[in-house]
Amino acid sequence: QQFLGDDQHDVFEFLESFLDRARGWEIRARRCSGWGGVQLTTPVATHVERLFGFVLETRRRCRECQGMGRSQVRSWFSSENVLRVAPKEDEGGPLGVTEMYFASCAAVDDEFKCGACGRDTAHESQSWIRTAPNVLVVQVRRGAGPRLRVAVEEVLDLPGLPSMTLVGVVYHRGETTSSGHYTCLCRGPQGRFWYYDDNRPVQREQQEVAHVKPSQVYM
């Protein structure tokens, strides 16, 4: 119901709402199986997880306990359908998906209640993908400020995962993800890419994907 009418919506809001609804239907139809050890409201795997799901491991270590010589590393495993990365640019130019993924795996500091010392303390946290999905959906998380460029790879090689081939890119131009304009690039026959823009004629893309609208890459 929330997507009826002519209003524009964030493509990820739509995707995740759709997958959540599809997962609910699969569970009610009992097309699922038990899946323990991962953080899920209903600990089962459906066709949604079999297609898009991957396991993200997060490890945390209390800095207070570490300083007292009794550091413990705790691990959590969550089921995810979207890999979220942030765009960055360095002297060599825009980052690709592989480099953005590596950046997302870097250690960060967050505050959590420590199970060992029982206090709210600073924790060192790191996350990375532990299992490969059949279809990997990547969100380039864009905030306020300049729209940084992203160099999309046609073949993605992440450590510990099988090589993945690009099937499409969604681009967004506008102030917010619920306004502006969406277009997309899709792989077609003979592995060639085709550009779709509303009612305009579909065009075969002549450039390398990494050079197509790099500041508008969103999915």
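In this predicted model, three strands come together as an open sheet with the order β6-β7-β11 and mixed pairing; strands here are DSSP runs of E with at least two residues, helices are runs of H or I with at least four residues, and both are numbered from the N terminus. Two strands are taken to pair if DSSP finds at least two bridges between them. The edges of the sheet are formed by β6 (89-90) and β11 (150-151), each of which pairs on one side only. Helix α4 (residues 97-104) packs on this sheet, where it touches β7 and β11, a contact being heavy atoms within 4.5 Å. The direction of α4 makes about 75 degrees with that of β7; axes are lines fitted to C-alpha atoms, for helices over the stretch in contact, and angles run from 0 to 180 degrees between N-to-C directions.

β6 and β7 (residues 93-96) run antiparallel and are joined by two bridges, with a hairpin of two residues linking them. Within this pair, Glu89 lies opposite Pro94 of β7. On the other hand, β7 and β11 run parallel, again with two bridges, and here Leu95 faces Val150 of β11. In general, strands of a sheet pair through backbone hydrogen bonds, either parallel or antiparallel.

Strand β3 (residues 54-62) runs antiparallel to β4 (residues 73-80), and eight bridges join the two. Glu57 has Phe77 as its bridge partner in β4. β3 also pairs with β9 (residues 120-129) in the antiparallel sense, over seven bridges, and in β9 the partner of Thr58 is Ser127.

Is Ala86 buried, partly exposed or exposed? Ala86 counts as partly exposed because its relative accessible area is 37%, with buried meaning under 20%, exposed over 50% and partly exposed in between (1.4 Å probe, protein chains only). Leaving aside residues up to four places away in sequence, Ala86 touches Met100 and Arg141. The C-alpha atoms of Ala86 and Leu15 are separated by 19 Å, the two residues being 71 apart along the chain.

Turning to the chain as a whole, four helices and 17 strands are present, and the C-alpha trace spans about 65 × 50 × 35 Å along its principal axes. Of the 219 residues, 34% are buried. Among contacts between residues at least 6 apart in sequence, 56% join residues at least 24 apart.

Residues are numbered from 1 along each chain as its sequence is written, and side-chain values use heavy atoms, with hydrogens and water left out. As this is a predicted model, local features need pLDDT of at least 70 and side-chain atom pairs count only at pLDDT 80 or more, while totals for chains, interfaces and linings use all residues.
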